[in-house]
Structures are given as C-alpha cells and as structure tokens.
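Biologist: Could you take me through this model feature by feature, giving the general idea first and then the case at hand?

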Amino acid sequence: MTNIADFMINAGKAVNNGLAREDALRALTIGPAEIFGVADRLGSIETGKIANLTITRGELFDRASRITNVFIDGRPVDLTPVATPAQGRGSAAERGR
C-alpha cells in the first residue's frame, strides 16, 4: 500500500477475496491491540475500555459505506467538512462580479 487513503479499500478487497468479515474486523481492532500489549484498554467494546468508535451506514468493508459518527474516548467528533479558502469564497457570480 502506497497511500493511506487506500487502507479501507484494500481491507474490502481482502474481504471480497475470501477473508471473513469477522477476521478482517479483528485485524483492525483487537488484533493490533494485543500485538501492542494494550488489549486491556483498547480494541474491543467492553466496560472499562477507552471508547473509540466509528459508526458506518452500510457494511464496514463495502466501498459504498459511509462514516456517520466517530467517538474518541467516548466523545462525539464533529464530522462537518472544513471549508477550504476556495470553497468558502463561492463563485464569481456569488461574489458580485
């Protein structure tokens, strides 16, 4: 993988090519937590663990799925896109030219 934006696309490809969804999810959650020795705090949804969650509309590994909510340490994250300077200015007609 050369681009981090392809991460979920590649995970979806693995599922489409036979990796069980449960195994793919484990590879993204509790598996790495166990490798790094932090499974007592991260990697699964359990009482007493840090609540970092991503909620999607649709299946997690489908290209058409969309992230609807993110919680970091149990607190919701605002997913509203930040306008770039070019987006915030509007068209020339909108600016009165």
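Biologist: Among contacts between residues at least 6 apart in sequence, what share joins residues at least 24 apart?

Modeller: A contact here means heavy atoms within 4.5 Å, and in this protein 18% of the contacts between residues at least 6 apart in sequence join residues at least 24 apart. Please keep in mind that this is a predicted model, in which local features need pLDDT of at least 70 and side-chain atom pairs count only at pLDDT 80 or more, while totals for chains, interfaces and linings use all residues. Residues are numbered from 1 along each chain as its sequence is written, and side-chain values use heavy atoms, with hydrogens and water left out.

Biologist: What is the volume of the largest pocket, and which elements give two or more residues to its lining?

Modeller: Rolling a probe the size of a water molecule over the atoms shows where empty space is left. On a 1 Å grid over the protein atoms alone, a pocket is an open set of points where a 1.4 Å probe fits, with protein on both sides within 12 Å along at least five of seven lines, and lining residues have an atom within 4 Å of a point. Grid points are joined across faces, edges and corners, and the volume is the space filled by probe spheres set on the points. The largest pocket has a volume of about 1,000 Å³, and helix 1 (7–16), helix 2 (21–28), strand 1 (53–57) and strand 2 (66–72) each give two or more residues to its lining. Of its 31 lining residues, L25, T29, L53, T54 and L60 lie nearest the centre, and strand 2 gives the most, with 5 residues.

Biologist: Is N16 buried or exposed?

Modeller: Buried means under 20% relative accessible area, exposed over 50%, and partly exposed in between (1.4 Å probe, protein chains only). N16, which lies in helix 1, has a relative accessible area of 61% and is therefore exposed.

Methods
Helices (H or I, at least four residues) and strands (E, at least two) are DSSP runs, numbered from the N terminus.
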